[in-house]
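Biologist: I am new to this structure and would like to go through it step by step. Please show it first.

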Amino acid sequence: MAADASSTNAPKTDTLNAPIAPKTVKLTVDGRAIEAPEGTPLLQAMLDAGLDLPHYCYHPKLSIDGSCRLCQVKIEGMPKLQISCNTQVRDGMVVHTADAEVELARRGVLELLLINHPLDCPICDKAGECWLQNYAMRFGSRHARTLEPRRKHQKRVDIGERMLLDQERCILCRRCVRFCREISKTGELAVFNLGDRSVLDVYDRRLDNDYYSICTADICPVGALESKDFHHRIRVWFLQETANVCPGCSNGCNIMVSEYRNRIWRLTPRRNDAVNDTWMCDYGRLDYKFVDAPERLRTPMVAESGALAQTTWQEALARASAEIAALKARHGGAAMGAVVSPHLTNEENFCFGELMRAAGGDKVAMATRRGAADDFLIKAEKAPNARGVRELGLVSGDDDGLGELLRAAEAGDLKGLYLCGDDLLETLAPELLNAVLGRLELLIVQTLRLDLRLSAATVVFPTTTFAEKDGSFTNYAGRVQRIYKANRNGAGMAQRRRGLHPSAQRFRRR
């Protein structure tokens with residue numbers, strides 16, 4: 001599902017089919033000289049140059065709509081104002097964005113948008129990151145000239161399993177309509193009726209089958225489309241954001257983790273044109289509550305008198321070391337095996353590989369959950385770093401060494417197992433899992449939550465999630481991407497937004 005041609009210019013080719021770089025043109029905006037590739041929309045060229053020009057309907061990954069009229073500018077040689085989103089740059093162009101005529105037109109557009117917009121800011125989820133608020137304060141009038149009551153439409157309309165619609169707040173930019181037609185290709189949303197009776201609504205089908213439906217809330221410049229998961233939960237100005245990577249599958253979508261008081265409140269997509277553009281699926285977006293789940297394992301546990309009991313880290317590490325040394329003395333290092341986790345970072349898995357080499361264990365495998373996939377962002381491997389484990393050389397074979405490990409267990413050659421994560425529990429059939437675990441003399445587990453099937457473990461270590469550590473993941477395409485520990489200690493804005501590419505910062509609100 002590629003971006004529309006209006007937001008990405010296909011390179012020309014010569015007779016040998018080699019791509020030719022687009023010609024660079026020079027133009028002047030408010031007395032400042034800038035450069036842009038030929039064919040670039042004027043608005044995009046100005047945004048890329050760091051200019052802050054107001055706009056609503058334009059989005060770099062969607063087709064050009066030209067409906068909001070807020071991006072009008074004055075271009076020398078043209079008889080009237082032009083919308084910059086649908087005007088291509090040309091060499092020698094002279095543009096004015098702060099001309100009196102431009103400011104009057106901009107103020108008029110905002111006045112028309114605000115005529116029927118409800119005064120919902122105190123209860124709107126978008127308050128604090130709403131571009132109708134921002135532009136009304138910067139460019140709008142402080143007084144209304146209308147006496148008629150505001151138009152009434154439906155509020156809090158349930159349009160899907162994960163989405164709500166407030167028709168009164170909609171400014172009819174049609175970003176969401178274009179997204180459903182061009183990106184998710186599901187086409188549920190549309191603008192119905194004409195003129196001042198126009199209203200955003202759904203056809204007879206809801207957004208339940210759109211696995212990217214919450215992206216419509218991301219690109220909505222106001223609070224018309226809202227995620228049920230985030231609805232009326234917290235004010236956005238309390239949130240501290242950290243650049244990270246979605247752990248839901250091997251695609252490695254770039255995200256922002258929004259945290260407040262040591263709790264994650266939402267995940268939102270972060271722009272990376274090489275990975276996920278500006279989108280992410282609903283499954284990955286909503287898969288964060290396990291981080292703060294009350295059943296998470298917080299302290300190490302060791303087996304005492306036939307049952308697991310909490311202990312200190314020092315005692316648990318000493319017990320694990322002693323048990324591995326004893327097993328090695330009885331059966332040799334080859335009797336120790338391990339299942340590495342595709343949810344650990346490259347750095348953690350490297351250290352784990354060094355540990356297994358020191359222990360003499362040569363039976364290392366990886367179990368990875370698999371599930372539904374599509375031809376856009378959702379991948380079948382439901383882990384962020386399976387390729388990273390393979391490229392570290394920790395596992396081999398089409399089954400990532402799992403078959404060899406199981407055969408060693410069945411033959412009685414595997415006496416001890418260090419199990420990272422719970423993917424193995426979801427991958428193996430219950431009877432096979434019980435047979436493997438039942439033959440072990442030593443089981444050491446590193447997991448987020450203790451499963452009853454692992455109650456025979458000698459030592460259990462808690463582990464960390466993607467939001468609680470620094471490191472890197474390698475996605476399915478081999479791209480190594482940094483992850484950062486979510487701000488848990490009140491760090492400043494610079495630290496919270498570290499790792500952001502300039503383009504990601506520029507379109508963060510999109």
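Biologist: How much space lies in the largest cavity?

Modeller: This is a predicted model, where local features need pLDDT of at least 70, side-chain atom pairs count only at pLDDT 80 or more, and totals for chains, interfaces and linings use all residues. Residues are numbered from 1 along each chain as its sequence is written, and side-chain values use heavy atoms, with hydrogens and water left out. A cavity is a set of points, on a 1 Å grid over the protein atoms alone, where a 1.4 Å probe fits but cannot get out; points are joined across faces, edges and corners, and a volume is the space filled by probe spheres set on them. The structure holds 3 cavities of 30 Å³ or more, and the space in the largest is about 80 Å³.

Biologist: How many nonpolar, polar and charged residues are in the lining of the largest cavity?

Modeller: Lining residues have an atom within 4 Å of a cavity point, and here they include C170, R174, L200, C220 and P221. Ala, Val, Leu, Ile, Met, Phe, Trp, Tyr, Cys and Pro count as nonpolar, Asp, Glu, Lys and Arg as charged, and the others, Gly among them, as polar. The lining then divides into 11 nonpolar, no polar and 1 charged.

Biologist: Which helix gives the largest share of the lining of the second largest cavity?

Modeller: The second largest cavity holds about 50 Å³, and its lining has 9 nonpolar residues, no polar and no charged. Among the lining residues are V339, L405, L406, A409 and L414. Helices are DSSP runs of H or I with at least four residues, strands are runs of E with at least two, and both are numbered from the N terminus. The largest share, 3 residues, comes from residues 402-411, helix α10.

Biologist: What do the buried residues of α10 pack against?

Modeller: Buried means under 20% relative accessible area, exposed over 50%, and partly exposed in between, with a 1.4 Å probe and protein chains only. In α10 the buried residues are L402, G403, L405, L406, A408 and A409. Just after this helix, G412 has a positive phi of about 85°. With contact meaning heavy atoms within 4.5 Å, the buried residues of α10 pack against β18, β19, β20, α11 and α12.

Biologist: Is A338 buried or exposed?

Modeller: A338 sits in strand β18, residues 336-340. Setting aside neighbours within four places in sequence, its contacts include F352, M356, L405 and Y418. Because its relative accessible area is 0%, A338 is buried.

Biologist: Which residue has a side chain joined to that of R296 by a polar contact?

Modeller: R296 lies in the loop between α6 and β16 and counts as buried, at 7% relative accessibility. Beyond four places in sequence, residues in contact with R296 include F290, L448, T464 and E468. A polar contact is a pair of N or O atoms within 3.5 Å; within protein, one must be able to donate a hydrogen and the other to accept it, and residues adjacent in sequence count only if both atoms are side-chain atoms. At 2.9 Å, the partner of the R296 side chain is that of E468.

Biologist: What is the phi of R261?

Modeller: R261 is in the loop between β14 and β15, and is exposed with a relative accessible area of 69%. R261 is not a glycine, although its phi is positive, at about 55°.

Biologist: Where is K185 found?

Modeller: K185 is a residue other than glycine with a positive phi, near 60°. At 53% relative accessibility, K185 counts as exposed. Its place is the loop between α4 and β10.

Biologist: What percentage of the residues in the chain are buried?

Modeller: The chain has 14 helices and 24 strands, and its C-alpha trace spans about 90 × 60 × 45 Å along its principal axes. Of the 510 residues in the chain, the buried ones make up 53%.

Technical notes. On a 1 Å grid over the protein atoms alone, a cavity is a set of points where a 1.4 Å probe fits but cannot get out, and a pocket is an open set with protein on both sides within 12 Å along at least five of seven lines; lining residues have an atom within 4 Å of a point.
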